[in-house]
Amino acid sequence: MELCDKSAMELATLLRKGYISSREITESVFKRIEEKEKTLNAYITTARDTALKQADQADERLRRGEKLPLIAGIPLAVKDILCTKGIRTTCGSKILGNFIPSYNATAVERALRDGAVIIGKTNMDEFGMGSSTENSIIGPAKNPIDTGLVAGGSSGGSAAAVASGEAVLALGTDTGGSIRQPSAFCGTAGLKPTYGRVSRYGVIAYASSLDQVGPVGRTVEDCAMLLNAIAGHDPLDSTSADIDKPDFLQAIKKDVKGLRAGLPKEYFIEGLDKGIKKKIDQAVRLLEKHGVEIVEISLPHTKYAVSVYYLIATAEASSNLARYDGVKYGFRSEADIDDVIMMYEATRSDGFGAEVKRRIMLGTYVLSAGYYDAYYLKAQKIRAMIKNDFDRAFKDVDFIITPTTPCLPFRLGEKLSDPLQMYLVDIYTVSLNLSGLPGMNVKCGDINGLPVGMQIIGKAFDEEMVLRVGNRIHRKDAKDAEV
Ligand code: GLN
C-alpha cells in the first residue's frame, strides 16, 4: 500500500511518530497523479511546487514539536469553486478565464492554518451545476472504479481524487447534493454540514441560500478531522452561525446504542434501484443489531423537493451569475464589438456553457414580474413545508436514514441529453439543502463492484450524530460481517 492510499488518520499517526514525512506523503500523491490523472481528469489545476513547500513547512513545524491539529501535513484537494490565493480558480467555467484570487476562502485558509497541504483544484460541473461533472470546461472527471462511468457531480473531481489516492482529503461544496452524490458514486465518505456551520466566504456563489462547504474523505473519521479544521463562526460570512464548535473526532467515538432512527416511507418508493434498497435494508439491520431502534416516519412534501429546488437554485443562480460580464472578472469576448451591451452579450454567450445558460434563463423567468408569485414565491412556501416535515420528524427520532442516490453510477453521456433525468438523480439530497440540515454519505455495500451510498440526516447543527452513526456503518468489524 502506498502512502497516498492510507487514511488521513493513519498518516497523521505515522507523521507524529516520525516514521514518515509530509513531503513523502505529498510526493506519493503526486506520483499517483502522474499515473492516473490522464484518465481520471480529477483536477483542473495541480500545484506541485507550492504543495511541496507547504509539506516542508508542516514537517518543520512538527519537527520543532509544535502542537498541530491532525490535519497538518496531510494532502488536501480543493474544489475549484473555492478561492485559493495565487492559484487559478475557474469554477469549471470558461468565463472566469485565468482568474487568480488574491485571497483564500475561509475554509481553505483554516485548513492551511492547521498545516494541510493543498495539492490542487478539483474538476467540477461549471458553477456546481450538474450531477456528473460532465458540465466542466475541461471535460468530465471519471469514476476511478470504472472509468466508463461518471464520478458524480458537481464535486466529482474531489470524490474521484480521494477515491483514487490522488488526494487524501478533499473539500467539496453541496448546493443540492454535490458532496454526497459523487461520494456515493465513488465510494467515499462525504458530509454536507448544516447551513452556517462552515463559512461560505470565498466560495464562488451558485445558490447562496443552499451552498455549503464540506469534507470528503475515505473514512468518516477523516471527514471529522477535516470538519474540525474548517467549521466555526466567521465574521466574514454573515450567514455563518455563531455557535460552539464541538470536537467532531470525539463525537464519532460514541456508541449508537439506544438511538432512534427514522426511515421516511417517501424515500423507498418506485424509482429506487432494488439492489440499493437491499443494501440499505442490510445497513439498517446492522444498526438495529447495535441497539438502534428503527421507526417509520413520513416526510409528506418530499415529492415537491426536486421542483422546488430547481426553481430556487436557478433563481438565485441567475442573480449570482449576473456579475460575469467581461469587465470585473476573467474572460472577455474577443469579438470585434465597440458597444458595451453587445460586449456583455458576446462574453456571456461565449463564456458560459449550455447548462449554465439553461439555468440562468430558467431563473430569470421564475423571478420575472408576471411569474414571481406563481413560481418563486410558491416554491419558497413549499420549501418551508419541507423543512416543517423534518422538524416534526425530529421530535421523534435522533437521525434519519435514506439512500443517497436512486441509482448506481451511470455511464458517461448516458443522461446528458435529458436534463430532467439528470435532475432526478438529486431526488434524495436536495431536501436537506432546502432545510439547511446536515447529511452525510457513507458507503454501505457494493453491487458488482460499484459502491452503494447511504445518507444519514441529522438535526440542524448535529453533525456529531451524523458522524457517529456514519462511523458505525463505516467500521465493519468481524461481528458486523455476519449481518
Ligand atoms: N445536481 C444539483 C444541481 O445541479 C446539485 C449541485 C450542487 O450541489 N452543487 O444543482
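This report covers the ligand site and the cavities of a predicted model.

## Basis

Local features need pLDDT of at least 70 and side-chain atom pairs count only at 80 or more, while totals for chains, interfaces and linings use all residues. Residues are numbered from 1 along each chain as its sequence is written, and side-chain values use heavy atoms, without hydrogens and water.

## Around the ligand

An oxygen atom of the ligand lies 2.7 Å from a polar backbone atom of Thr175. A backbone N or O atom of Gly128 is 2.9 Å from a ligand nitrogen atom. Tyr310 has a polar side-chain atom 3.4 Å from a ligand oxygen atom. Taken alone, the ligand exposes 300 Å² (Shrake-Rupley method, 1.4 Å probe). The protein buries 100% of that.

## Cavities

The structure holds 3 cavities of 30 Å³ or more. A cavity is a set of points, on a 1 Å grid over the protein atoms alone, where a 1.4 Å probe fits but cannot get out; lining residues have an atom within 4 Å of a point.

The largest cavity holds about 80 Å³ of space. Of its 14 lining residues, Gly128, Gly130, Ser178, Tyr309 and Asp426 are closest to its centre.

Terms used. A polar contact is a pair of N or O atoms within 3.5 Å; within protein, one must be able to donate a hydrogen and the other to accept it, and residues adjacent in sequence count only if both atoms are side-chain atoms. On a 1 Å grid over the protein atoms alone, a cavity is a set of points where a 1.4 Å probe fits but cannot get out, and a pocket is an open set with protein on both sides within 12 Å along at least five of seven lines; lining residues have an atom within 4 Å of a point. Grid points are joined across faces, edges and corners, and a volume is the space filled by probe spheres set on the points.
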